Amino acid sequence: MTHQPAARRKLAAPTVAMLPRIGDSLSFLYLDIVRVQQDDTGVCAVITTERRGTELVYLPTAALSRILLGPGTSITARAMTTLARHGTTLIITGSGGVRTYAGMTPDSLSTKWLERQTRSWANDHERLAVAVRMYERRFGPGTAPANPSLAQLRGMEGQRLKSLYQLLARQYRIGRFRRAYDPASWNQQDPVNLALSAANTCLYGITHAALLAMGCSPALGFVHSGNQQAFVYDIADLYKAELTIPLAFSLHDSPHPEQAARRGFRDGLRLFRLMPRIIADVQALLDPDQTTVHADMEEELVDLWDPVSGPLPGGVNYAEDGSP
C-alpha cells in the first residue's frame, strides 16, 4: 500500500509516443491568482475563493503547448518538473499575459526553428533576405526595391510610419505628432506617446512568449541587434501599424493613457488571435519555400550531426563491425 503513489506516478509518466504533436494541442493556458502544484493524479491549479472555498482544477499538461503564469501565481518544483517532462513551455507574464518576464523552455522542445533562425542570421545574404520579407509582410508584396540595402529599408520604413502618424493625427485632430521615447522624462510626454510605449511593451511580451514556445532565440534579430530582445522587436514591428499605433492615437485625450493602452491591447487580443499569427508569420519568414504552415513543432528525438549525410538518429552505436 505504501508504494501505490509511486506506482501511479510511474504509470502516468508519458512516453514520447504518447505526447501529442503541438499542432494537435491547445495553444496556451493563462492562469492568475492560483497555486499550481503536483499531486498523485497530475498537475492542478488550486483556486481559493470566499464563495466556493478551495477547488482543484486539473490541467491537461501533455496537451498544452505553453502555460502563462500571471500575477498572484505560485508553482511547486514537482509541477515544473512534470511540465518540462511533458514538453510544456512555462512563461511568467504580466496581467492578461501581455508582458513576459521569464520563461522555462523544456529540453524536449524541438530545435528545428532555432536552427533555421541561426542559419539565416549567420549568413549576411540570408539575413538581408529575411529583413526584406519582414518589410514586405508589413507593407505588401513588391513594395521593397530590387536588391535593397538595410539602410534603404530602414529609411522607407521610417517614411511609411511617419505618414501613418500624420494620417492618424489628422483623423483625431491632435495637431502635429512626433514619436518620442525618453524614460528620463517619462511624465512629460504626451498621452499618445505614453500609450504607444505601454502598448508596445505589451506587444513585446506576447511576441517573446511565442518565440520561446517555438524554441527560437529572442536575441538573434535580423533588423535589430545587440540586445537580448532583438528578434522580439523584429517580429513585434509586423503588427504595430495594425494593433498598437491606432490604439495609442485613440487615447490622445485619456487621463491615464498607459493603463488604458494595456487594457485596450489585452481586450483586442481576443479579436486578433495574435499568438497563432505570430507563429505562422515567423515560420513563413524563416522558411519561405514552405507550401503549408508548419503547425507541428513536434517532439523530436535527439539526432547526431553529420556534414555529409545530414542528421542521423541518436541512440545508435555506429562502430564498425570488428572494431574494438
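Start with Val282: setting aside residues up to four places away in sequence, Val282 touches Leu211, Met214, Cys216, Phe231 and Ile235, where contact means heavy atoms within 4.5 Å. This is a predicted model, in which local features need pLDDT of at least 70 and side-chain atom pairs count only at pLDDT 80 or more, while totals for chains, interfaces and linings use all residues. Residues are numbered from 1 along each chain as its sequence is written, and side-chain values use heavy atoms, with hydrogens and water left out.

Val282 belongs to the largest nonpolar core, which has 48 residues; Val282, Ile235, Phe265 and Leu274 touch the most other members. A nonpolar core here is a set of buried Ala, Val, Leu, Ile, Met, Phe, Trp, Tyr and Cys residues joined through side-chain atoms within 4.5 Å. Buried is under 20% relative accessible area, exposed is over 50%, and partly exposed is in between, with a 1.4 Å probe and protein chains only.

At least two residues of this core come from each of α4, α5, α6 (191–214), α7 (230–236), α8 (244–250), α9 (257–272) and α10 (274–286). Helices are DSSP runs of H or I, at least four residues, and strands are runs of E, at least two, numbered from the N terminus. The most, 12 residues, comes from α6. Another core of 13 residues lies apart from it, including Val43, Leu59, Ile67 and Met104.

Now the backbone. Most residues other than glycine have a negative phi. Ile33, in the loop between β1 (29–31) and β2 (35–38), has a positive phi of about 55 degrees. Ile33 is exposed, at 64% relative accessible area.
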